[in-house]
Amino acid sequence: MAGASVSAGAGERLLEALVRTAQQASPAELPTVLERYAEAMGMGRAVVYLADLQQRLLLPLVEGEPDLEVDASR
């Protein structure tokens, strides 16, 4: 469904559903939840990143994605 057009109303409903679902999900479930809703909204792939304690790196919650430097993520 990536690249599909989603109306503003449908997109808003999907975003509200994403927020509700994410609030109930465990941290390990967040990448799957986000990816499912991003695809449904026609946005393609989405990745969840967390900042390290020193706030220098963004670390992906899923394997296979690169670490990103915080300063390079603008």
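Among contacts in the protein chain between residues at least 6 apart in sequence, what percentage join residues at least 24 apart? The share is 25%, where contact means heavy atoms within 4.5 Å.

This is a predicted model, in which local features need pLDDT of at least 70, side-chain atom pairs count only at pLDDT 80 or more, and totals for chains, interfaces and linings use all residues. Residues are numbered from 1 along each chain as its sequence is written, and side-chain values use heavy atoms, leaving out hydrogens and water.

The protein chain has two helices and three strands, in the order α-α-β-β-β along the sequence. Helices (H or I, at least four residues) and strands (E, at least two) are DSSP runs, numbered from the N terminus. Of the 74 residues, 19% are buried (under 20% relative accessible area; exposed is over 50%, partly exposed in between; 1.4 Å probe, protein chains only).

The largest nonpolar core has six residues: Ala17, Leu18, Ala25, Val33, Tyr37 and Met41. Such a core is a set of buried Ala, Val, Leu, Ile, Met, Phe, Trp, Tyr and Cys residues joined through side-chain atoms within 4.5 Å. Helix 1 (8-24) and helix 2 (30-40) each supply at least two of its residues.

Asp52 sits in the loop between strand 1 (49-51) and strand 2 (57-60). Asp52 touches Leu57 and Leu59, leaving aside residues up to four places away in sequence. Asp52 is buried but has no salt bridge (a side-chain nitrogen of Lys or Arg within 4 Å of a carboxyl oxygen of Asp or Glu).

| From Asp52 to | Distance |
|---|---|
| Arg56, nearest side chain of opposite charge | 5.0 Å |
| Gln55 backbone nitrogen, from a polar side-chain atom of Asp52 | 2.8 Å |

Gln55 lies in that loop too. Gln55 is not a glycine, yet has a positive phi of about 60 degrees. Gln55 is exposed, at 58% relative accessible area.

Key: Lys and Arg count as positive and Asp and Glu as negative; His and the chain ends are not counted. A polar contact is a pair of N or O atoms within 3.5 Å; within protein, one must be able to donate a hydrogen and the other to accept it, and residues adjacent in sequence count only if both atoms are side-chain atoms.
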